[in-house]
Amino acid sequence: MIANDQHKFQAIISHAKEYGFVFQSSEIYDGLSAVYDYGPWGSELKKNLREAWWNEMTRMHDNIVGIDAAIFMHPTTWKASGHVDNFSDPMIDNKDSKKRYRVDHLIEGVADQLVQDGKTEEAEQLIASMEALLAANDFAGLNELVESRKMKCGVSGTCNWTDVRQFNLMFSTQIGSVAEESTEIYLRPETAQGIFVNFLNVQKTARLKIPFGIAQIGKAFRNEIVARQFIFRMREFEQMEMQFFIRPGTQKEWYEYWKAERMKWHTEMGIPAEDYRFHDHIKLAHYADAAVDIEYNFPIGWKEVEGIHSRTDFDLKSHQEFSGKKLQYFDNEINQNYVPYVIETSIGLDRMFLLTLCHAYQEEKWLKEDGSEDSRIVLKIPAKIAPIKLAILPLLKKEGLPEIAREIMKECRNEFYCFYEEKDTIGKRYRRMDALGTPFCITIDHQTKEDKMVTIRYRDTMKQERIPIEGLVAFVKSKM
Ligand code: ATP
């Protein structure tokens, strides 16, 4: 049984490694902190999640198109976007351990402990005080809060803190072939700016009329200070962002619209609504007039998966000023030129991946008919995003069964991801497929030769039944 949620989180991390979902980057060199690689089944699952979002945005909405902008951008982009001056977090260092913390994370950690000790009200008060201080940029107040509650460093165990200071999160590098010519550029900390600078290119070439959206999926980089909690907070990660361009003054209704649309998508991914909640931002980013997080109830607590931000005309206006190029739209319905307002939806692909694993991971135990105990670890990943859809398992390695299985494989592999396996007992093979989240297994046995039927086993219920080979492709597809 799962003893507690921390245990569950650790179990998920081990499972992800053992079954080829996620590995620490450069593991043979002891890894690189907060950087991860996706293995065979992880990359497949990630691809399916990416596709689910992309299809939802660009196929299910007539007025949203996609782009794929470069990671490197002109350095002025980040001046205009405010990242050079504002993309920093308030940090505090412990003088004894030299460990640096994001001050909000340090305080949240204390609040989490209070919740675990049953002091929920005190925890809420603490978070409320912190949010008020962050909103007012009151660093002295944050220092006082840390000191008055005698918050301790997890490494040194002391309360010997520096002052709270800002720390920029962008990675920089040099572009150019010789040192003298080189210019400092940044690895993009968000994909959104690639959309803003292409606003007119896309609007004109795709002949779009406001309201319309531009979607993009790509890598983003942040020099996160507190890099823990597995793939929840990475230094290199993937974002799926959509900027929706609207007429000024309509931002409230579109903000509500996208809040509802995005929550609908999450629940349609097979996650129960009660595991999600909205969390309004009190401290707004420099570009926003409203912002909300969609949070998921992870084993490590309620945490942000997606942000919905009403970004006003901040970005386009700023790029207009810095570039000297007009970034305006002529609205012939009202006969006016204006800089559009923007509602952004921004979700981390890696966080969505972690959420999927957390929801899917289950340790099950039951009593068998003879009274002994049996158990399994199963990933109940919805069929439409599961890495492998169908496992094709001949009961024996001989007597013509592999040949029939290969024949079925040939027919199915064009339609969806299938996996062929003939090693080990059938029981072991089923358990392995449970651990990889494969929703359906079929077994080919001697009877198959006579009746052209196979035994299908359902991952979630472990029930089995005979079905004709002929209808197999249609059956699996109907479940996707
Ligand atoms: P947080 O408060 O957790 O640092 P954020 O508010 O800075 O996140 P946004 O800038 O709104 O995050 O980014 C949008 C989304 O990108 C987040 O909701 C999250 O899913 C994802 N994301 C942001 N930072 C990271 C990271 N370091 N690792 C993985 N995903 C991230």
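Why does the second largest pocket lie between domain 1 (1–9 + 18–75 + 184–362) and domain 3 (388–479)? I shall come to that after an outline of the protein.

Please note that this is a predicted model, in which local features need pLDDT of at least 70 and side-chain atom pairs count only at pLDDT 80 or more, while totals for chains, interfaces and linings use all residues. Residues are numbered from 1 along each chain as its sequence is written, and side-chain values use heavy atoms, with hydrogens and water left out.

The C-alpha trace spans about 75 × 60 × 50 Å along its principal axes. The secondary structure comprises 16 helices and 23 strands; these are DSSP runs, helices being H or I with at least four residues and strands E with at least two, numbered from the N terminus. Of the 480 residues, 50% are buried, where buried means under 20% relative accessible area with a 1.4 Å probe, protein chains only.

I turn to the interior. A nonpolar core here is a set of buried Ala, Val, Leu, Ile, Met, Phe, Trp, Tyr and Cys residues joined through side-chain atoms within 4.5 Å. The largest has 64 residues, and those touching the most other members are Phe21, Val22, Trp53, Ile231, Phe298, Met352 and Phe353. Helix 12 (residues 349–360) contributes the most to this core, with eight residues. At least three residues of the core come from each of domain 1 and domain 3. A second, separate core holds 22 residues, among them Tyr420 and Tyr458.

Now to the pocket, which is an open set of points on a 1 Å grid over the protein atoms alone, where a 1.4 Å probe fits, with protein on both sides within 12 Å along at least five of seven lines; lining residues have an atom within 4 Å of a point. The second largest pocket has a volume of about 390 Å³, that is, the space filled by probe spheres set on the points, which are joined across faces, edges and corners. Its lining has 21 residues, and Asn48, Glu51, Ala52, Asn55 and Lys384 are the closest to its centre. Helix 2 gives the most to this lining, with eight residues.

To answer the opening question, domain 1 and domain 3 both give residues to the lining, so the pocket lies between them.

Notes. Domain bounds come from an automatic or database domain assignment.
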